[in-house]
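This briefing goes through one protein model by topic, from its overall make-up to the side-chain pairs that can be located in it. Please keep the sequence and the structure in view while reading.

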Amino acid sequence: MKLGAKIIVSIMIFFSVMFLFGGYVLISYFYEVTMEREVEGAIEQYQYNKFVVQASLITRGEDWFAGAADGQCDISSMAPDMNGTVAFLAEDGSVLFSDFPAKTEFSVLFSEAEQNMVNYRFMKINNRTFLLTIGIVAHGGISVYLITGVDVEKIQNQQAQIIRKFGAVYATAVSMGIFLIFGISFFITRPIKQLTAATKEIAEGNYGERVAVSGSDEVSQLARNFNRMTEAVHEKVQELSDNARQKEDFVANFAHELKTPLTSVIGYADRIYKKELPREEQKKAAWYIWNEGMRLEALSLKLMDLTILNHKDFCLQEVKTDLLFQELTADVEYLMDAKGVSLDCTVEPAYIEVEYDLFKTLFLNLLDNAVKAGAKHIRVIGIVEKMAEGTYFAMQVNDDGTGIPKQEIKRITEAFYMVDKSRSRKQHGAGIGLALSDKIAQIHGSRLEFESDGRNGTSARLCLNCRED
């Protein structure tokens, strides 16, 4: 059974039972109160009739009453002065006088009568309900039984009418309630149906599916959380897809990077082996073999470094920024001069935690990439930035090289990815330097960020936790 049907059935059963119970209690209470009022009225009538009998006894005397009790005089002469329907019974239970329909059986009442007590009983007479009261009227040593009857059939009819009207009201209320609860159920379950449809779409691979959210109730909150979950799943799937693509690219690029030098090595080695070459050509072939071998060695070392960074824990030590960058720039000053590149370095004093050798590798890779991009001027800036979440040392390396196209910036830290493949290979690049640098940045609790318009140089930025000098 669906949720909407469960809601409708459950609410209808609950309210039907409560409505029936409430109607039963009210109708029963009304009937009991009415009957109690009728009993009180019947007893009052009995008391009045008894008073009439006693007044007649005083007026007519004990002898007359004795004759009436023996059936020797007409006791019906008192009936016109009495209220309701009356009957007189002798002490032996014989009927002396009765206004009740013929063949009315008083034996049950006669057996229940007690001295100085008024008893009442409901009795069906000729298909009508009567409330009968009975008591003993005694004078001297003589007693008769006085019965007073009140027709309460109208009350029975009223109760039946009330039950019928309640049944009609109940049927109307249930009918209207079904439509009302159906509307409420539809309103409540519609967002859940939307969530169900969205989950089906997502299960079929449509991770861009979202649920419309309106309101602030629990179902709306569920829809918001579902959208956030879907967004997280979409991002995770995209991340997994990117990782799978990167692995495929890594294998393809690695195979390609091996193919070119191995082809050269095999080709020149085969030439030397099969032919008698002059000394100069042998030296030239040997140089190509040596050069490509060095390239393969450099590639293997960088791959080993990348592997080590993924599986080793490093200890960071606190160093002063101005001293650190003074040493780093001194180490590369000769190389920069040899390549005709000017290097300016300006940093604010602060204390940062680094692994010296790794940080030096990161710094050299950034400078090397700037040089390979054709930069003639490189500027290194280090400033202390205060933010709400803490104090940071921001290092920025700016160059005036060829730049990086915006659409390729997010991929430059992938292993073997090269913006200009022909230029990188001429400079013995393999596209691993920035992948190493980004991994080193992660080890230091940061990430490398790059900015470039694709024409006028590139800016690389790295933020580290620090404390001021």
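A salt bridge is taken here as a side-chain nitrogen of Lys or Arg within 4 Å of a carboxyl oxygen of Asp or Glu. The side chains of Asp438 and Arg447 meet in such a salt bridge, at 3.4 Å from N to O. The model is a predicted one, and the points below should be read with that in mind.

**Overall make-up**
- The protein has ten helices and twelve strands, and buried residues make up 35% of its 469 residues.
- Among the contacts in the protein with a separation of 6 or more, 63% are between residues 24 or more positions apart.
- The protein exposes about 28,100 Å², of which carbon and sulfur atoms supply 55%.

**Salt bridges**
- The structure holds seven salt bridges, and one of them is the pair of Asp438 and Arg447.
- In that pair, Asp438 counts as buried because its relative accessibility is 6%, under the 20% limit, whereas Arg447, at 48%, counts as partly exposed.
- Arg128 and Asp151 also meet through their side chains in a salt bridge, with 2.8 Å from N to O, and the pair links distant parts of the chain, given that Arg128 is in strand β4 (residues 128–139) and Asp151 in strand β5 (residues 142–151), 23 residues apart.
- Both partners are partly exposed, Arg128 with a relative accessible area of 37% and Asp151 at 28% relative accessibility.
- Arg467 forms a salt bridge with Glu318, in which the closest N and O atoms are 2.9 Å apart; because Arg467 lies in strand β12 (residues 458–468) and Glu318 in strand β6 (residues 317–320), this pair ties together parts that are 149 residues apart in sequence.
- Arg467 counts as partly exposed at 43% relative accessibility, and Glu318 is partly exposed with a relative accessible area of 42%.

**Aromatic pairs**
- The structure holds eight aromatic pairs, including a tilted pair of Phe88 and Phe97, whose rings are 6.5 Å apart centre to centre with 45 degrees between their planes.
- Phe88 and Phe97 are both buried.
- The rings of Phe325 and Phe363 have centres 5.9 Å apart and planes at 80 degrees, so this pair is edge-to-face.
- Since Phe325 lies in helix α7 (residues 321–338) and Phe363 in helix α8 (residues 356–372), the pair ties together parts that are 38 residues apart in sequence.

**Nonpolar surface patch**
- Leu180, Ile184, Phe187 and Ile188 make a nonpolar surface patch of about 400 Å².
- Ile188 is placed in helix α4 (residues 153–203) and is partly exposed, with a relative accessible area of 37%.

**Cysteines**
- A search of the whole structure finds zero disulfides.
- For Cys466, the closest cysteine sulfur is that of Cys463, at 9.6 Å from its own, which is too far for a bond because a disulfide requires the two sulfur atoms to be within 2.5 Å.
- Cys466 counts as buried at 14% relative accessibility, whereas Cys345, at 31%, counts as partly exposed.

Technical notes
Residues numbered from 1 in each chain as written. Predicted model: local features only at pLDDT ≥ 70, side-chain atom pairs only at ≥ 80, totals over all residues. Heavy atoms only, no water. Buried < 20%, exposed > 50% of the residue type's maximum accessible area, 1.4 Å probe, protein only. Helix = DSSP H or I, 4+ residues; strand = E, 2+ residues; numbered from the N terminus. Contact = heavy atoms within 4.5 Å. Areas by Shrake-Rupley, 256 points an atom, 1.4 Å probe, with all protein chains shown as cover. Patch = residues over 30% accessible without salt bridge, like charges linked within 9 Å, V, L, I, M, F, W, Y side chains within 5 Å. Phe/Tyr/Trp six-rings, centres within 6.5 Å; stacked < 30°, edge-to-face > 60°.
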